Amino acid sequence: METRVLAGEIEQLQAEAAVTTIFEEKTAPPESQAVLDRIDIALGGLIKSLIQTGEIKGCANETTLVHTQGRLAPARLLVVGLGKREEFSPICVRRAAGTAARFLRKRGCRRISTLLHGTGLGIAPAESARLLVEGSLMGLYTPDLHKTGEREPRNLEQLLLVNPPPEAASSLEPALRAGEITAEAVSLARDLGNEPANILTPAAFAQRAAEIARNVGLQIQVLEEEDMRRQGMGGLLAVAAGSEQPAKLVSLQHKPTQNAGLLALVGKGITFDSGGISLKPRDNMEQMKNDMAGAAAVLGAMWAIARLQLPLSVLGLMPLTENLPSGKAYRPGDVLHTMGGKTIEVISTDAEGRLILADALAYAVQQGATHIVDIATLTGACAVAFGGLASGLFSTDEDFAEALAEAGELAGERLWRLPLYPEYREALESKVADMRNFGTRYGDASNAAILLRQFVADKPWAHLDIAGTEWNEKPRPYLAEGPTGVGVGTMIRLAERMSRPAET
Ligand code: BES
Ligand code: ZN
Ligand code: ZN
């Protein structure tokens, strides 16, 4: 996608469509009110009359298309609703950009000009530029990987960013590039989530990781089952036992400097979760091809971190396996010896994510991680609590939790803090082993997080439960249905923040 920054007035620059925004209060954000007024005059009062007749209401992601018929340089004007002014946040800019790009693609318009939305409301011009690029490309994502006919384009031909404040000019280019890299990483995670389990096996996932590592110079190591056995990874091996597909533990390392810290990103990579012997009910089981969304997010983030050349050492760990029932499958009642020696009694084979993560987290510690983030489609309880509108954030370290919250905010990914009260440990008490993998559905998002905590050796750690946010149930004006790539943006922003000196 070609992105260009241009001085000048949007109504005087050629484009297939120019995009402006409006609030429910029928005012435009400060940076575009004067533009909208001028356009209204040029169009003989058409905008005002559309407002009066109620065709433009300004509600979130409403679209009104006007053909300008030679009265403005752009052939069309698209007015996108931003919702209530008091509810405005950077998410509105992303969504408006995604809505515009999706709406205009349907009408064959791929050369678009836009104002730097939100710059009059406290968003820095470079940040607005990044939001516009990320929002447009994420909006244009299509899940039609295996359709054999003509596929819809996933990008614009040209995005013109018009009239930036002159002092911002030099900051825009890197922001546009970062936006493009982030959006491509999110699309990668979404592609991986969309790939069905018959195609994206653990080995195929590892293959994809190897190709990416080769392209951007990440170090890669793939642990095979015999390596896992040597390391004592009884959790990962038990979950893998029921599958014909060998498990893999992919380790990617971005090592730009010899600095002291090492951020580990650990993602749950269940390429299909049937529940195993504790078989799941049939409804929506096909969505469990996306139970590797955590691992996909880690791969996407590692790819972006390498391309952005961030001056921070980062380790990406992706434990990959299927969870299937068979004569070789692990069973309820089994006791597993995990890496580092802790034992877990299996109550439900469907609580498999915490078992593979236990080993992967212990491995992260062994590899010298100083900070650990794990990301997982871990519990139905989290999906029930938030209805897909936020991911659960758990952390034992206030500064690190704060860093993640801020990263999530910048990425437009809602994170909501959930508790790790010590009493949750009671749910995991086992008569025969150090802990059990499941106690009760009540509080299970926290119970599962408490289990993971046993494996991070008191390092600053945060756990993101993305069950619910990893899948978009119905298409939205700014987002296709299916895998969302959630977490990629947050981890990139976190790594960017940790790359800057004097911050966590
Ligand atoms: N992968 C699921 C969690 C999940 C549920 C992700 C819905 C996305 C959407 C996880 O492995 C699981 O099966 N959890 C069970 C655990 C329970 C049996 C202890 C759950 O939450 O129902
Ligand atoms: Zn499960
Ligand atoms: Zn699962």
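**Entry 1**

Donors here are N, O and S atoms within 2.8 Å of the metal (3.2 Å for Na, K and Ca), and sites may look incomplete because water is not among the atoms. I record that the model is predicted: local features need pLDDT of at least 70 and side-chain atom pairs count only at pLDDT 80 or more, while totals for chains, interfaces and linings use all residues. Residues are numbered from 1 along each chain as its sequence is written, chains are lettered from A and ligands numbered from 1 in the order in which they are written, and side-chain values use heavy atoms, with hydrogens and water left out.

I then placed Asp291 and Glu352 in the chain. The zinc ion (ligand 3) has its neighbour, the zinc ion (ligand 2), 3.2 Å away, with Asp273 coordinating both. Asp291 sits in the loop between strand S10 (269-273) and H9, and Glu352 in the loop between strand S13 (343-345) and helix H10 (353-366); the pair, 61 residues apart, links distant parts of the chain. Helices (H or I, at least four residues) and strands (E, at least two) are DSSP runs, numbered from the N terminus. I found Asp291 and Glu352 both buried; buried means under 20% relative accessible area, exposed over 50%, and partly exposed in between (1.4 Å probe, protein chains only).

**Entry 2: zinc ion (ligand 2)**

I turned to the zinc ion (ligand 2), which is coordinated by Asp273 (OD), Asp350 (O), Asp350 (OD) and Glu352 (OE) at 2.0 to 2.2 Å. These donors follow the spacing D-x76-D-x1-E. The site has six donor atoms with angles of 71 to 168° and is classed as irregular. I checked accessibility: Asp350 is partly exposed at 23%, whereas Glu352 is buried at 0%.

**Entry 3: cavities**

How many cavities of 30 Å³ or more does the structure hold? I found two. On a 1 Å grid over the protein atoms alone, a cavity is a set of points where a 1.4 Å probe fits but cannot get out, and lining residues have an atom within 4 Å of a point. Grid points are joined across faces, edges and corners, and a volume is the space filled by probe spheres set on the points.

The largest cavity has about 80 Å³ of space. Its lining includes Val19, Ile112, His117 and Leu159. I noted that helix H3 (90-106), strand S5 (111-115) and helix H4 (125-140) each supply at least two lining residues, with the largest share, four residues, from H3. The lining has nine nonpolar, three polar and no charged residues, where Ala, Val, Leu, Ile, Met, Phe, Trp, Tyr, Cys and Pro count as nonpolar, Asp, Glu, Lys and Arg as charged, and the others, Gly among them, as polar.

The second largest cavity holds about 70 Å³. Among its lining residues are Arg190, Asn290, Glu470 and Pro483. Helix H5 (169-194) and helix H9 (293-307) each give two or more residues to this lining, and H9 gives the largest share, three residues. I recorded seven nonpolar, three polar and two charged residues there.

**Entry 4: cysteines and contacts**

I searched the whole structure for disulfides (cysteine sulfur atoms within 2.5 Å) and found zero. The closest cysteine sulfur to that of Cys59 is in Cys92, at 13 Å, which is too far for a bond. Cys59 is partly exposed at 31%; Cys382 is buried at 1%.

Thr99 lies in helix H3 and is buried at 2%. I noted 7.7 Å between the C-alpha atoms of Thr99 and Ser136, 37 residues apart along the chain. Gly232, in the loop between helix H7 (225-231) and helix H8 (234-240), is partly exposed at 27%.

How values were computed: 1 Å grid on protein atoms, 1.4 Å probe; cavity = no way out; pocket = protein on both sides within 12 Å on 5 of 7 lines; lining within 4 Å. Tetrahedral: all angles 85-135°; square planar, octahedral: opposite > 155°, others 65-115°.
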